[in-house]
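Subject: Structure handover and notes

Dear colleague,

Please find the structure below. My notes on it follow, with the cut-offs given where each term comes up.

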Amino acid sequence: MSSEVLVVDFWANGFGMRVRIALEEKGIEYKYMEEDLRTPERSSLVQEMNPVYKSVPVLIHGGRPICDSLVILQYIDEAWKVGPTLLPQDPHQRAHARFWSDLINKKVFSSQTKFLKSKGEDKEAAKQELIEDLKLLEAALGDEPYFGGEYFGFLDSGQGVLIVDLYVVLFGPVVSVGLKGRFRLERGSKTLERWSSISGLLKRG
Ligand SMILES: N[C@@H](CCC(=O)N[C@@H](CS)C(=O)NCC(=O)O)C(=O)O
């Protein structure tokens, strides 16, 4: 079996950024294939590799697909025993990482989508909701350098979605698209800014 690693994704996809961040953090070499989500039809590769959801990211390892970003992060941790482990060993801390990742998937992503799709007063209300969500994450981060405490971990890699949120809130969707994935935080929350610069997430495309 080939051991080639291929990530199929769209550059601005926060779910996919999680996977790219985790692979880079672990030092795993991978190839990247862009799936243009601006076209309505998914490529035959995505349809074949993710027939249930037909969504990206998809990680293809040795020809076999793994789908859904958080499932992929756990797979990466289990399949490669190199580099730092993403999920902590302690069961309570693991539960904590999964809880917050799940909250980002359900609550934060839904606020982000609402904000992107709304207009006028609704947009302002959606923005406030998104800011409240970011405050929750900021409180969870506290004074620690990383979400996982002293070391970069699962929840830090899980923040691809958060990077998109920060950009949406700070600069608006048009500007963030214009940046073409070269993320650089210039203003905003001091705590999240500190976290993002320590973890280097906002410098990655
Ligand atoms: N739960 C999935 C969500 C992935 C997802 O929703 N991807 C969207 C882009 S944000 C997608 O590929 N949509 C397919 C389409 O737009 O046709 C994950 O975490 O990977």
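Two strands count as paired if DSSP finds at least two bridges between them. Strands (E, at least two residues) and helices (H or I, at least four) are DSSP runs, numbered from the N terminus. This is a predicted model, in which local features need pLDDT of at least 70 and side-chain atom pairs count only at pLDDT 80 or more, while totals for chains, interfaces and linings use all residues. Residue numbers start from 1 along each chain as its sequence is written.

With those terms, strand 3 and strand 4 form a hairpin with two residues between them. Gly-62 in the turn has a positive phi of about 60 degrees. The two strands are antiparallel and share four bridges, and Leu-59 stands opposite Ile-66 in strand 4.

The protein chain has eight helices and four strands, in the order β-α-β-α-β-β-α-α-α-α-α-α from the N terminus. The four strands make an open sheet of order 2-1-3-4 with mixed pairing. Its edges are strand 2 (31–34) and strand 4 (64–67), each of which pairs on one side only. Neighbouring strands are turned by 25 degrees against each other on average, direction ignored; axes here are lines fitted to C-alpha atoms, for helices over the stretch in contact, and angles run from 0 to 180 degrees between N-to-C directions. Strand 1 (residues 5–9) runs parallel to strand 2 and is joined to it by four bridges, with Asp-9 opposite Glu-34.

Helix 3 (residues 69–79) lies across strand 3 (58–61) and strand 4, at about 125 degrees to strand 4. For contacts between residues, the cut-off is 7 Å between C-beta atoms placed from the backbone. Of the contacts in the protein chain with a separation of 6 or more, 64% are between residues 24 or more positions apart.

On burial: a residue is buried if 20 or more other C-beta atoms (placed from the backbone) lie within 10 Å of its own, exposed if 12 or fewer, and partly exposed in between. Buried residues make up 34% of the 205 residues in the protein chain. A nonpolar core is a set of buried Ala, Val, Leu, Ile, Met, Phe, Trp, Tyr and Cys residues joined through C-beta atoms within 7 Å. The largest one has 32 residues, of which Val-8, Val-19, Ala-22, Val-58, Leu-59 and Leu-73 touch the most other members. Leaving out residues up to four places away in sequence, Val-19 touches Val-7, Pro-57, Leu-59, Ser-69, Ile-72 and Leu-73.

Some backbone points to check by eye. Pro-57, in the loop between helix 2 (44–49) and strand 3, is joined to Val-56 by a cis peptide bond with omega of about 15 degrees. Lys-54 is in the loop between helix 2 and strand 3 and has a positive phi of about 50 degrees although it is not a glycine. Asp-68, in the loop between strand 4 and helix 3, is also not a glycine and has a positive phi of about 80 degrees. Asp-68 is partly exposed, with 18 other C-beta atoms within 10 Å.

Regards

Key:
Contact = placed C-beta atoms within 7 Å.
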